[in-house]
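Welcome, and please open your viewer. We will go through the model one selection at a time.

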Amino acid sequence: MILGKTIESWCASYPLINELIALQETSWFNPGIAPTAEALADVGLTAADVADASARLDRFASYIMQVFPETRASGGIIESGILPMPKLQAELMARHDQESAGQLWLKADCNLPISGSIKARGGIYEVLKHAEDLALAAGLLTIDDDYAKLDSDAMRAFFGQYKVAVGSTGNLGLSIGIMSAQLGFQASVHMSADARQWKKDKLRAHGVTVVEYESDYSVAVAQGRKQAESDPSCHFVDDENSTSLFLGYAVAAERLQRQIAAAGITVDAEHPLFVYLPCGVGGGPGGVAFGLKLVFGDAVHCIFAEPTHSPCMLLGVHTGMHDAVSVQDFGIDNVTAADGLAVGRASGFVGKAMQRLLDGYYTVSDETLYRYLALAEQLEGIRMEPSALAGVQGMARVLQETQGYRARIGLSAERMANATHLVWGTGGSMVPPAEMEAYLAKGRALLA
Ligand SMILES: *Cc1c(COP(=O)(O)O)cnc(C)c1O
């Protein structure tokens with residue numbers, strides 16, 4: 001029984017669950033989508049909160065630039081570029097036997113400095129905010145100071161009295177661990193069984209304590225939370241509920257707006273922007289989507305992509321049960337090569353806050369991820385980890401949908417011809433070369 005109902009009765013109420021249980025690739029376009037102006041209030045956060053986060057990241061830029069020289073070119077701002085993907089688009093359309101409409105682009109978060117994934121947004125932001133809160137309260141910093149002063153033995157000794165803990169499938173741990181250790185915090189990362197060995201090794205090399213679990217992400221998070229609860233000096237980064245993480249991700253949107261304008265791309269009612277976001281627990285894609293809705297309103301259409309083995313957000317939102325159900329409740333194993341997306345229970349906060357703002361959700365098999373991993377490298381020279389490929393099929397899913405979604409929200413053929421489709425490429429540049437070769441070999445074998 002799941003929440004007082006049998007699986008059969010859940011499937012009778014929500015036939016889509018049959019497809020999830022059968023691990024079929026599927027798409028669901030949200031019939032409950034609401035006008036942005038109305039639904040934004042559901043989130044409980046505002047444009048002022050995002051602006052506050054953005055200003056905080058600006059304050060830290062001189063420090064970031066000093067301690068992470070790879071951010072010098074961007075003045076200490078952790079940001080990635082956008083890249084057109086014409087060859088990948090042609091291949092995607094051919095594979096789906098689909099007439100092309102609009103243009104496919106990539107948001108290259110795989111190349112984000114410091115930790116090589118989208119977690120360099122929210123994860124690093126939350127650690128910086130915590131450090132700022134502590135230093136301001138102790139009278140060691142004012143917001144008008146040059147934050148480069150945080151790069152000192154005295155400040156590292158100050159932060160060294162405090163701990164930061166997080167549960168992670170890998171990439172969040174990398175971001176939190178590297179940033180915390182750099183500031184001087186005692187950092188511990190609780191890693192789920194699916195976390196890659198190289199991510200654990202890298203963290204240990206940075207002096208971070210890595211605690212390993214035989215079980216999945218939810219258990220690693222629960223253990224991290226438990227450690228922090230019994231220790232007032234310990235800040236727990238709560239991937240399932242943190243508004244701080246969420247706001248760190250949301251800052252991406254104003255920067256994307258500038259990049260899109262600089263690339264000569266128009267986004268308005270006649271020129272829709274579709275954004276395809278790989279979803280694990282939901283904080284990363286949720287935060288980015290929230291920022292995008294603030295910036296572009298009804299002109300942006302955000303769609304989440306999950307592995308067929310871990311469709312936690314689709315399951316939670318579709319049934320309205322959010323974090324009260326897990327994929328394992330339905331016999332779905334949560335075992336996937338997309339380690340950043342290996343989450344069985346979605347964030348309740350994100351699912352509820354965003355349910356009227358997201359256009360849709362779809363699932364992809366690991367084989368699909370590997371095929372596009374190889375194709376993205378072969379056709380566009382871009383190397384990403386499996387999770388980061390989840391968004392590639394989104395354009396085809398939208399163009400092929402037969403659920404009445406495009407008609408319902410006025411996406412005419414003319415508008416679709418003007419559309420920009422942006423795949424959020426969430427991670428990969430830090431994958432060790434031998435590991436990347438193994439990913440590519442797997443993808444090429446599936447293409448052959
Ligand atoms: C964490 C992660 C995601 C998804 O972010 P969530 O906040 O867990 O939904 C997507 N791709 C990669 C590479 C990630 O590391």
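Helices (H or I, at least four residues) and strands (E, at least two) are DSSP runs, numbered from the N terminus. This is a predicted model, in which local features need pLDDT of at least 70, side-chain atom pairs count only at pLDDT 80 or more, and totals for chains, interfaces and linings use all residues. Residues are numbered from 1 along each chain as its sequence is written, and side-chain values use heavy atoms, with hydrogens and water left out.

**Stop one: the ligand.** You will find 15 residues around the ligand, with Lys119, Asn171, Gly282, Gly284 and Thr426 the closest. Helix 13, residues 283–296, contributes the most to this shell, with 3 residues.

**Stop two: polar contacts.** These are pairs of N or O atoms within 3.5 Å. Show Lys119: one of its polar side-chain atoms is 2.7 Å from a ligand oxygen atom. Next, pick Gly284, where a polar backbone atom also lies 2.7 Å from an oxygen atom of the ligand. At Gly283, a backbone N or O atom is 3.3 Å from a ligand oxygen atom. How much of the ligand's own 380 Å² of accessible area (Shrake-Rupley method, 1.4 Å probe) does the protein cover? The protein covers 98% of that area.

Technical notes:
A residue is near a molecule or strand if one of its heavy atoms lies within 4 Å of it. A polar contact is a pair of N or O atoms within 3.5 Å; within protein, one must be able to donate a hydrogen and the other to accept it, and residues adjacent in sequence count only if both atoms are side-chain atoms. Accessible areas come from the Shrake-Rupley method with a 1.4 Å probe; for residues, only the protein chains shown count as cover.
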